[in-house]
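Please look over the sequence and the model before turning to the notes.

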Amino acid sequence: DEIKVLPKEEQKKWEDSLLTHILPITSKAKYMFINCRGEFFDSPHTQKMYKTIIENNPSIKVDFISNGIKCNEDNLKKFNLLDRIYKVHISLHAAKRETYKKIFRNDKFNEVMKNIKYISNLKKSGKIDDFEIMFVITADNYKDMPAFVKLAEGLDARAAFSACIGGYAEYIMNRETYAVFYQNHHEYNNFVKMLKNPIFNSKNCFLPNYLRELQPVSLFESLK
């Protein structure tokens, strides 16, 4: 994919515009949700906006999404997050290293798991209110789903499943290949059968009703 970088003048105008509109809203807010397109710990624009907001409202609590690679103790302290987090979402999408490599195109699973266990300890010690590990279902990772729930149980986290394919262009452009939850996918019936596993009734599992209600189809129906 082509990455476009705005000129510095345009970047400053964008930041100033955001702060002009966001600061009045956040000045008296109790909570703030950070979900930047990319990664908070790699986005200087989001970091600048966040820093300005907490300077303006020091008591605000933070709920944020991260891919987990840089979500460690050092960065949480660096960005003054440790004492203001109330919820963390980690985009993991795998329970096994090999699956993670296939989804993310990198080999940082062990590094991410180390950071996830640190967040888990914050949750278990009562320092944060809520912790969620996220899993977007595709044909590449759906077989990890039962193990993912077990992983969440051990972390005192919620395994949050969804079936929206986004992010990498390859997934968006090849939905028929990766969308295992569509009836015309060749692994659809295997996927539906797996969803009957009682592990998905765990209190640590969020599986949307539209997935729980899927039914197997005959070969004729799948070809319609």
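The notes below concern a helix, its packing, a loop residue and the cysteines.

The model is predicted: local features need pLDDT of at least 70, side-chain atom pairs count only at pLDDT 80 or more, and totals for chains, interfaces and linings use all residues. Residues are numbered from 1 along each chain as its sequence is written, and side-chain values use heavy atoms, with hydrogens and water left out.

**Helix α5**
- Helix α5 covers residues 109–124; helices (H or I, at least four residues) and strands (E, at least two) are DSSP runs, numbered from the N terminus.
- The 16 residues of α5 should span 22 Å at 1.5 Å a residue, and this agrees with its end C-alpha atoms, which are 22 Å apart; the expected span is 1.5 Å times one less than the number of residues.
- Gly-126, which follows α5, has a positive phi near 80 degrees.
- Among the buried residues of α5 are Phe-109, Val-112, Tyr-118 and Leu-122; buried means under 20% relative accessible area, exposed over 50%, and partly exposed in between (1.4 Å probe, protein chains only).
- The buried residues of α5 pack against α3 (73–78), β3 (85–91), α4 (97–104), β4 (130–136) and α6, where contact means heavy atoms within 4.5 Å.

**Lys-123**
- Lys-123 lies in α5 and counts as buried because its relative accessibility is 19%.
- Beyond its neighbours within four places in sequence, Lys-123 contacts Ile-128, Asp-129, Asp-130, Phe-131 and Asp-156.

**Packing of α5 with α6**
- Helix α6 (residues 145–155) packs with α5 at an angle of about 45 degrees, and the axes are 9 Å apart; axes are lines fitted to C-alpha atoms, for helices over the stretch in contact, and angles run from 0 to 180 degrees between N-to-C directions.
- The two helices, α5 and α6, are therefore oblique to each other; angles under 35 degrees count as roughly parallel, over 145 as roughly antiparallel, 65 to 115 as roughly perpendicular and the rest as oblique.
- Met-113, Ile-116, Lys-117, Ser-120 and Lys-124 of α5 meet Leu-151, Gly-154 and Leu-155 of α6 in this contact.

**Ala-29**
- Ala-29 is placed in the loop between α1 (8–26) and β1 (31–34).
- Not counting residues up to four places away in sequence, Ala-29 touches Asn-57 and Ile-60.
- Ala-29 and Asn-57 are 28 residues apart in sequence, and their C-alpha atoms are 7.9 Å apart.

**Cysteines**
- The count of disulfides is zero, a disulfide being a pair of cysteine sulfur atoms within 2.5 Å.
- Cys-71 counts as buried at 0% relative accessibility, and Cys-205 is buried with a relative accessible area of 11%.
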